[in-house]
Amino acid sequence: MADEENQAPEEGAQDDEALADEWAAALAESGDDAGQDDIDALMNQADSAPAAGAAPMEQFGTPPKASGDVSLEGPNLDVILDIPVVISMEVGNTNITIRNLLQLNQGSVVELDRLAGEPLDVLVNGTLIAHGEVVVVNEKFGIRLTDVISPSERIKKLR
């Protein structure tokens, strides 16, 4: 433990030396004849002045402001709101052999595991998130959600 405390100041001194070497190299490239006094003055100036664009620590502790009509508590989720996802509706499914699959043609009927009138499954990226029923809106099919699976139930299904 005492060895670690003794090493910390040495590491800080090495960082200062590396920074001083970078300043010296930068000044040498610019063509200025800079002495050690000039380098020390620049180092002190860099230590006393905050970095450009740095915000005081108090600002990082404030909660994020909700934008628009999205009111989510906790971390700011604006970063992921524009990520595309695949949403699909599943009428039902069945297992058949490749032989039967190859025999399918126009007019064939495939029996599914659902009863007529039973709600459809709404899947997002393959994960069940809701149940719904088929509706027609402006001559297009749609789905009316009848039951949305809670996040805690979805997590239980993953385990």
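With a relative accessibility of 71%, Asn 138 counts as exposed (exposed is over 50% relative accessible area, buried is under 20%, and partly exposed lies in between, using a 1.4 Å probe and protein chains only). Asn 138 sits in the loop between S3 and S4, and its phi is near 50°, a positive value in a residue other than glycine. Glu 139 is found in that loop between S3 and S4 too. Glu 139 is exposed at 81% relative accessibility, and it has a positive phi of about 65° although it is not a glycine. For context, most residues other than glycine have a negative phi.

## About the model

This is a predicted model, in which local features need pLDDT of at least 70 and side-chain atom pairs count only at pLDDT 80 or more, while totals for chains, interfaces and linings use all residues. Residues are numbered from 1 along each chain as its sequence is written, and side-chain values use heavy atoms, with hydrogens and water left out.

## Overall layout

The chain has five helices and four strands, and along the sequence they follow the pattern α-α-α-β-α-β-β-β-α. Helices (H or I, at least four residues) and strands (E, at least two) are DSSP runs, numbered from the N terminus.

Of the 159 residues in the chain, 9% are buried. Among contacts with a separation of 6 or more, 26% join residues 24 or more positions apart, where a contact means heavy atoms within 4.5 Å. The accessible surface of the chain is about 13,800 Å², and carbon and sulfur atoms hold 54% of it; these areas come from the Shrake-Rupley method with a 1.4 Å probe, and for residues only the protein chains shown count as cover.

## The sheet

Four strands make an open sheet in the order S1-S2-S3-S4, with antiparallel pairing. Strand S1 (87-90) and strand S4 (140-148) stand at the edges with a single partner strand each, so one side of each has no neighbour in the sheet. On average, neighbouring strands of this sheet are turned by 40° against each other, direction ignored (the axes are lines fitted to C-alpha atoms, for helices over the stretch in contact, and angles run from 0 to 180 degrees between N-to-C directions).

Strand S3 (residues 127-137) and S4 run antiparallel and are joined by eight bridges; two strands pair if DSSP finds at least two bridges between them. Val 137 stands opposite Lys 140 in S4.

## Salt bridges

How many salt bridges does the structure hold? There are two, each defined as a side-chain nitrogen of Lys or Arg within 4 Å of a carboxyl oxygen of Asp or Glu. In one, Glu 133 meets Arg 144, with the closest N and O atoms 3.0 Å apart. This pair links distant parts of the chain, Glu 133 in strand S3 and Arg 144 in strand S4, eleven residues apart. Glu 133 is partly exposed at 37%, and Arg 144 is partly exposed at 47%.

Asp 121 and Arg 114 also form a salt bridge (2.3 Å, N to O). Here Asp 121 is buried, with a relative accessible area of 12%, and Arg 114 is partly exposed at 21%.

## Helix H5

Lys 157 belongs to helix H5 (residues 151-158) and is exposed, with a relative accessible area of 55%. Not counting residues up to four places away in sequence, Lys 157 touches Leu 128 and Ile 149. The C-alpha atoms of Lys 157 and Thr 127 are separated by 9.4 Å, with the two residues 30 apart along the chain.
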